[in-house]
Amino acid sequence: MDKHNELAEHSNHRYGKYILVWLGLLTLTAITVAVAGVNLGSITIATAIIIASIKSYLVLTVFMHLKSESKTFKIFVGVAVFFIIISLVLLFSDYSNM
Amino acid sequence: MSTQEHTAVAHLHRDDVRSRMGMWLFLFTELILFGGMFFLYAVYRFLHQADFHVAAKSMNILIGTVNTAILLTSSLTIALSIAALQNKKKILSLILQGITVIFGLLFLVNKYFEWSAEIHHGNYPGSPELISQSSGHILFFGLYYVMTGLHGLHVIIGMVVIMFMMRFTIKDVITPDHIVKLEAAGLYWHLVDIIWIFLFPLFYLIT
């Protein structure tokens, strides 16, 4: 609760931070659309996924308050993301050998 | 008396953390639901690369981009509504929650026009035109309808949940000191946003 009261006191600061992150998210969207028009060959999809990951990181840490949550929450989310990556790596190590 | 009050507040605090953790656990089940579909997409895309590229050409990038901007902005408004209520600005918080619902509605209106256009072009599951296409093409549209459809359903659920939160805020069930319900609704809405952040490039920007 202390942490939240503290945050509430700096509410104006929070509004500014949220708006800044929102502008960042819109900019990244514009970049990803612009880059899609350029033919980058095989790295096109990688670029799109990397930009989407950065956007998700911003939403998770700032909008979803993960930064101000306790370590337990961060470990939870970290483990979830880790297993998604592991699943994808295993999936493609399987298919790339077909 | 003061110690009693202190204990009560401390108990409330623990309760809130648990509630948020419960919400996160629920969000992980959503991640499994959508994750499975993203894996399916990844494999089919890997197996039918050329078909996916051709099929994605019929996607309307403009509508996709506008919808991305709409959802990102709605994420901002719901985050601001929580900050506003914590700042004891109830009316402002209610307005921001209302704007979030309206953005959700705008997203769905765009989706309606987008799907109508695709269906008009004969790109719907089981249509004679789609069946005559290559299997990669059929798979692309199958995944498109299932994934964006399930995501759209989540947008509708999120809108209903936020409308309930507005009612709770009006009735003072949600107050600056007891805001966890609104926070949980916000978490859900942000997750729906994150899923769209990945759906957008995968379906619209791979041509």
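## An exposed isoleucine in chain B

B:Ile131 is exposed, because its relative accessible area is 55% and the cut-off for exposed is over 50%. Keep in mind that what you are looking at is a predicted model.

So where do you find this residue? B:Ile131 sits in helix 5 of chain B, which covers residues 128-131. If you skip its neighbours within four places in sequence, B:Ile131 is in contact with B:Gly126 and B:Ile138.

## Chain A at a glance

Now hop over to chain A. How many helices and strands does chain A have? The count is four helices and zero strands, and reading along the sequence gives you the pattern α-α-α-α.

Chain A has 98 residues, and buried ones make up 32% of them. Its accessible surface comes to about 5900 Å², with 71% of that belonging to carbon and sulfur atoms. As for contacts, take the ones in chain A between residues at least 6 apart in sequence: 58% of these join residues at least 24 apart.

## Checking the length of helix 4

Most residues other than glycine have a negative phi. That makes the next pair worth a look.

Start with A:His65, in the loop between helix 3 (43-63) and helix 4 of chain A. Its phi is near 60 degrees, a positive value, even though the residue isn't a glycine. Is A:His65 buried or exposed? A:His65 counts as buried, because its relative accessibility is 12% and buried means under 20%.

B:Lys88 isn't a glycine either, yet its phi is positive, at about 65 degrees. You'll find B:Lys88 in the loop between helix 3 (61-86) and helix 4 (90-120) of chain B. What about its surroundings? With a relative accessible area of 64%, B:Lys88 is exposed.

Technical notes
Residues are numbered from 1 along each chain as its sequence is written. Chains are lettered from A and ligands numbered from 1 in the order in which they are written. This is a predicted model: local features need pLDDT of at least 70, side-chain atom pairs count only at pLDDT 80 or more; totals for chains, interfaces and linings use all residues. Side-chain values use heavy atoms; hydrogens and water are left out. Helices (H or I, at least four residues) and strands (E, at least two) are DSSP runs, numbered from the N terminus. Buried means under 20% relative accessible area, exposed over 50%, partly exposed in between (1.4 Å probe, protein chains only). Contact means heavy atoms within 4.5 Å. Accessible areas come from the Shrake-Rupley method with a 1.4 Å probe; for residues, only the protein chains shown count as cover.
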